[in-house]
Amino acid sequence: MAYIEVKHSYKHYTVGENTIVANHDINFTIEKGELVIILGASGAGKSTLLNILGGMDSNDEGDIFIDGTNIAHFNEKQLTHYRRHDVGFVFQFYNLIPNLSAKENVELAVEIVNNAQDPEETLKAVGLAHRINNFPAQLSGGEQQRVSIARAIAKNPKLLLCDEPTGALDYHTGKQVLKLLQYMAQHDGTTVIIVTHNSALCPIANRVIRMHDAKIKSITINEHPQDIDTLEY
Ligand SMILES: Nc1ncnc2c1ncn2[C@@H]1O[C@H](COP(=O)(O)OP(=O)(O)O)[C@@H](O)[C@H]1O
Ligand SMILES: [Mg+2]
């Protein structure tokens with residue numbers, strides 16, 4: 001069995017009298033240690049899918065097997081344990097705690113897990129050695145995003161889910177972050193899923209899952225993912 005197997009997954013939202021179909025008959029597999037890109041325009045259903053994979057939202061129908069276990073059947077307690085121990089999540093808009101420093105934001109996240117990385121070392125790895133004691137309001141968007149990435153990777157999660165992780169970053173910082181994510185997949189065996197609307201990032205992934213209108217449009221495998229240093233976007 002693949003590390004992730006999504007089978008006939010559906011999700012809709014009801015807003016007033018309207019039903020919005022966010023995910024319609026989603027099917028795919030992902031192998032352990034892959035770097036995967038979920039590509040699609042705004043509104044395609046990417047964040048909905050990522051939130052379901054991360055145990056932050058539940059689907060209406062269908063199976064979500066992670067490492068052989070169907071999380072679609074988890075109760076709240078099992079979901080909490082799964083989010084805490086297995087998943088690192090990088091949010092599109094950072095979600096940092098404003099009155100905690102960069103280091104404290106990372107420390108808070110690793111307190112609840114075993115075999116975490118050292119918060120200071122992780123912040124250094126994302127290029128924030130000089131920002132460790134700054135508060136989020138004192139950091140640029142790109143720096144805040146890197147704190148949020150440090151917070152997720154410091155947990156040493158099996159599954160790292162990133163929602164538009166380079167959306168707020170300048171070109172150089174974006175590349176630095178992508179290199180870190182690719183490194184985690186290649187060297188640590190972390191399964192990394194990146195949601196983006198930027199098709200120029202596709203060559204770096206092992207697998208590209210294209211979404212359109214709540215559905216999967218195509219799935220492509222790159223036998224030889226491109227090194228990020230040589231990527232132009
Ligand atoms: N909590 C929600 N309540 C109502 N509608 C939602 C909610 N979350 C997402 N949607 C809708 O579901 C569709 C897919 O959204 P989303 O998964 O956020 O897409 P993407 O991340 O690809 O932009 C959109 O039409 C969006 O407006
Ligand atoms: Mg989104």
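**Close-up 1. Residues that join helix 5 and helix 6 in the predicted model**. From helix 5, the residues in contact are Arg146, Ile149 and Ile153. Their partners in helix 6 are Thr173, Gln176, Val177, Leu180 and Met184. Sorted by class, this contact between helix 5 and helix 6 comprises 5 nonpolar, 2 polar and 1 charged residues.

**Close-up 2. Packing geometry of helix 5 and helix 6**. Helix 5 covers residues 141–153, and helix 6 covers residues 171–188. Angles under 35 degrees count as roughly parallel, so helix 5 and helix 6 are roughly parallel to each other.

**Close-up 3. Residues around ligand 1**. Tyr13, Val15, Ile20 and Ala22 are among the residues that surround ligand 1. The surroundings of ligand 1 also include Ala41, Ser42, Gly43, Ala44, Gly45, Lys46, Ser47 and Thr48. By class, the shell around ligand 1 holds 6 nonpolar, 5 polar and 1 charged residues.

**Close-up 4. Backbone atoms of Gly43, Ala44 and Gly45 beside oxygen atoms of ligand 1**. For Gly43, a backbone N or O atom is 2.7 Å from an oxygen atom of ligand 1. The corresponding distance from a backbone N or O atom to a ligand 1 oxygen atom is 3.1 Å for Ala44 and 3.0 Å for Gly45. Ligand 1 on its own exposes 560 Å², of which the protein buries 62%.

**Close-up 5. Secondary structure elements in the shell around ligand 1**. Strand 1 (4–15), strand 2 (18–30) and helix 1 (46–53) are the elements that each supply two or more residues to this shell. The greatest contribution to the shell around ligand 1 comes from helix 1, with 3 residues.

Definitions and conventions. Residues numbered from 1 in each chain as written. Chains lettered and ligands numbered in written order. Predicted model: local features only at pLDDT ≥ 70, side-chain atom pairs only at ≥ 80, totals over all residues. Heavy atoms only, no water. Axes fitted to C-alpha atoms, helices over the stretch in contact; angles between N-to-C directions. Helix = DSSP H or I, 4+ residues; strand = E, 2+ residues; numbered from the N terminus. Parallel < 35°, antiparallel > 145°, perpendicular 65-115°, else oblique. Contact = heavy atoms within 4.5 Å. Nonpolar A, V, L, I, M, F, W, Y, C, P; charged D, E, K, R; others polar. Near = heavy atom within 4 Å. Polar contact = N/O pair within 3.5 Å; in protein donor to acceptor, adjacent residues only side chain to side chain. Areas by Shrake-Rupley, 256 points an atom, 1.4 Å probe, with all protein chains shown as cover.
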